[in-house]
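Got the model open and wondering where to start? Here's a quick briefing to read with the structure in view.

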Amino acid sequence: MRLELEGITKKFGSLIANDHIDLVVEPGQIHALLGENGAGKSTLMNVLYGLYDPDEGEIRIDGKPVTFDGPGDAVAAGIGMVHQHFMLIPVFTVAESVALGYEPAGPIGIIDQNAAKQLVADVSAKFGFDLDPDAKIEDLSVGAQQRVEIVKALSRDAEILILDEPTAVLTPAETDELINIMRELAAAGTSIVFITHKLREVKAVADKITVIRRGKVVGEASPESTEAELATMMVGRSVMLKVDKEPAKPGELGLKIEDLSLVTPSGHYILDHINLEVRRGEILGIAGVQGNGQTELADVLLGLKDPTHGKVFLDDVEITKDSVRKHLDAGIGFVPEDRSTDGMVSQFSVAENLVLDQYKEERFARAGTLKLGAIRRNAEELRDEFDIRLTHVTDPISTLSGGNQQKVVVAREMSRDLHLFIANQPTRGVDVGSIEFIHNRIVDERDQGVPVLVVSSELDEIQSLADRIAVMYRGKIVGIVPSGTPNSVLGLMMAGVPMDEAMAQKETA
């Protein structure tokens with residue numbers, strides 16, 4: 001199925017989200033739509049999927065003009081979309097989620113559960129997915145939930161599949177699996193529009209690349225283009241793909257973690273006797289495959305979870321059992337792993353989200369009444385300082401792109417006087433230009449004497465930011481190594497190989 005978009009324009013008030021965009025996707029082609037957060041990529045695909053009406057332009061399928069009054073029309077025309085934030089109901093099974101809205105009915109109108117399960121099984125088998133039709137959505141990994149969304153689209157005979165930032169919340173292993181799935185789908189004739197800002201993935205899987213900047217198509221590129229060339233097209237300037245930072249100058253001890261353990265009621269160690277130190281003026285990176293205790297370690301350090309035993313000290317003061325409020329008041333800045341769940345309130349405005357943990361301060365409140373003018377001015381200042389792309393600071397944060405939502409969280413946490421900064425997946429779902437900005441801000445915190453702890457599943461990010469790297473595996477610290485340690489060594493340690501043995505294997509390789 002051949003897809004053509006010609007002159008698509010979409011406006012929101014004075015904001016032109018899409019400005020006369022042309023795009024052609026050939027049958028069986030993986031066409032990457034590359035651009036910064038807020039460039040207009042998702043808006044364009046929402047127009048194609050019938051969620052928005054274009055103000056100008058035409059959509060053609062196999063040469064015939066089409067108009068969509070809603071997603072149902074787009075689905076009927078053979079278009080499926082996997083949204084950046086999954087449209088799944090946690091308590092539903094995989095089969096129920098796939099069949100939702102298109103439930104197969106038995107002879108007396110009752111939903112045919114067996115037919116729904118068979119549908120999941122058939123599509124999964126055809127494309128090599130591993131999905132249990134009876135599994136609950138809430139029990140699935142993020143990668144498995146994404147497979148459910150893809151199966152849902154394919155079960156409705158989608159010949160054009162839109163993937164909106166599909167790797168934003170995936171681990172490296174899940175990303176590799178998705179890339180293989182995309183190749184298999186394209187080989188079977190499915191046209192894929194791959195919306196992303198991750199340069200390496202584009203180069204790995206795309207047949208053709210269209211770059212959008214500030215709502216306009218600024219050029220096309222081939223997968224043979226270098227990452228630096230693609231980044232320049234996206235951002236409109238040269239971008240440093242690695243952090244340019246001076247060597248650390250560690251000072252006094254800031255954070256001390258002593259024999260810290262977190263044990264489940266059944267006796268399973270999620271954190272297993274962790275000992276770590278972070279000095280003022282240094283960045284300690286925590287590397288590891290997601291699910292090995294990194295998230296729980298960050299949660300304990302903010303007081304979201306109480307450890308089973310062990311101690312945590314900040315500036316020589318024990319804070320192990322303190323409340324989250326006391327941790328924040330002690331000067332801990334915290335960027336959570338999942339911004340949507342733990343970093344923001346989607347119904348609140350951007351301005352309100354920027355003071356979520358500061359609204360009681362005298363500059364923002366008096367006698368229990370919020371100073372709305374001060375809150376708005378604070379938002380406008382942080383908008384400019386952190387280059388947050390938005391229409392109005394009073395708009396709900398849910399109207400922002402994922403990367404700009406992340407900038408709001410980072411801006412809020414960095415706008416306080418910090419004694420410790422913890423960043424868990426600080427650039428997840430963020431484009432290359434914003435990654436450069438956030439990385440530089442994290443280094444600035446270090447250079448101001450703040451101890452920094454960065455947790456990331458991206459080894460390139462850990463290598464770029466960290467002064468020392470601690471590797472976690474099954475709740476334990478396998479070893480602590482200097483930055484610049486080869487990825488091959490870190491990879492072995494992330495698989496549980498002891499540090500000395502990993503180093504020895506590198507020497508003999």
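This is a predicted model: local features need pLDDT of at least 70, side-chain atom pairs count only at pLDDT 80 or more; totals for chains, interfaces and linings use all residues.

**Aromatic pairs**

- A pair of aromatic rings is described by how far apart the centres are and by the angle between the planes.
- Phe12 belongs to strand E1 (residues 3–12), while Tyr52 is in the loop between H1 and E4, so the pair ties together parts that are 40 residues apart in sequence.
- Phe12 has a relative accessibility of 34%, so it counts as partly exposed. Tyr52 is partly exposed too, at 31%.
- Next come Phe386 and Phe437: their ring centres are 5.6 Å apart with planes at 75 degrees, so this pair is also edge-to-face.
- Phe386 lies in the loop between helix H13 (372–385) and helix H14 (402–414), and Phe437 in helix H15 (residues 432–447), so the pair links parts that are 51 residues apart in sequence.
- Is Phe386 buried or exposed? Phe386 is buried, with a relative accessible area of 2%, whereas Phe437 counts as partly exposed at 25%.

**Around Phe12**

- Phe12, Leu15, Leu51 and Tyr52 make up a nonpolar patch on the surface, and together they have about 320 Å² of accessible area.
- Leu51, one member of that patch, is found in the loop between helix H1 (41–48) and strand E4 (56–61). With 40% relative accessibility, Leu51 counts as partly exposed.

- Side chains of opposite charge can pair when their charged atoms come close.
- Lys216 forms a salt bridge with Asp19, and the closest N and O atoms are 3.7 Å apart. This pair links distant parts of the chain, with Lys216 in strand E10 (residues 216–221) and Asp19 in strand E2 (residues 15–25), 197 residues apart.
- Both partners are partly exposed: Lys216 has a relative accessible area of 44%, and Asp19 has 21%.
- Strand E10 also holds Glu220, whose side chain meets that of Lys208 in a salt bridge (3.7 Å, N to O). Lys208 is in strand E9 (residues 208–213), so here the tied parts are 12 residues apart in sequence.
- Glu220 counts as exposed at 51% relative accessibility, while Lys208 counts as partly exposed at 25%.
- Asp467 and Arg446 meet in a salt bridge as well (3.0 Å, N to O). Asp467 lies in the loop between H16 and strand E21 (468–473) and Arg446 in helix H15, so the pair ties together parts that are 21 residues apart in sequence. Both of these residues are buried.
- Salt bridges with shared partners join Arg2, Glu4, Glu6, Glu26, Glu58 and Arg60 into one network.

**A buried glutamate**

- Look for Glu461 in helix H16 (residues 459–465). Glu461 counts as buried because its relative accessibility is 5%, and the cut-off for buried is under 20%.
- Which residues does Glu461 touch, leaving aside its neighbours within four places in sequence? Glu461 is in contact with Pro426, Thr427, His439 and Ser456.

Methods:
Residues are numbered from 1 along each chain as its sequence is written. Side-chain values use heavy atoms; hydrogens and water are left out. Patches are made of residues with over 30% relative accessible area and no salt bridge: like charges are joined within 9 Å, nonpolar side chains (Val, Leu, Ile, Met, Phe, Trp, Tyr) within 5 Å. Accessible areas come from the Shrake-Rupley method with a 1.4 Å probe; for residues, only the protein chains shown count as cover. A salt bridge is a side-chain nitrogen of Lys or Arg within 4 Å of a carboxyl oxygen of Asp or Glu. Helices (H or I, at least four residues) and strands (E, at least two) are DSSP runs, numbered from the N terminus. Buried means under 20% relative accessible area, exposed over 50%, partly exposed in between (1.4 Å probe, protein chains only). Rings of Phe, Tyr and Trp (its six-membered ring) pair if their centres lie within 6.5 Å; planes under 30 degrees apart count as stacked, over 60 as edge-to-face and the rest as tilted. Contact means heavy atoms within 4.5 Å.
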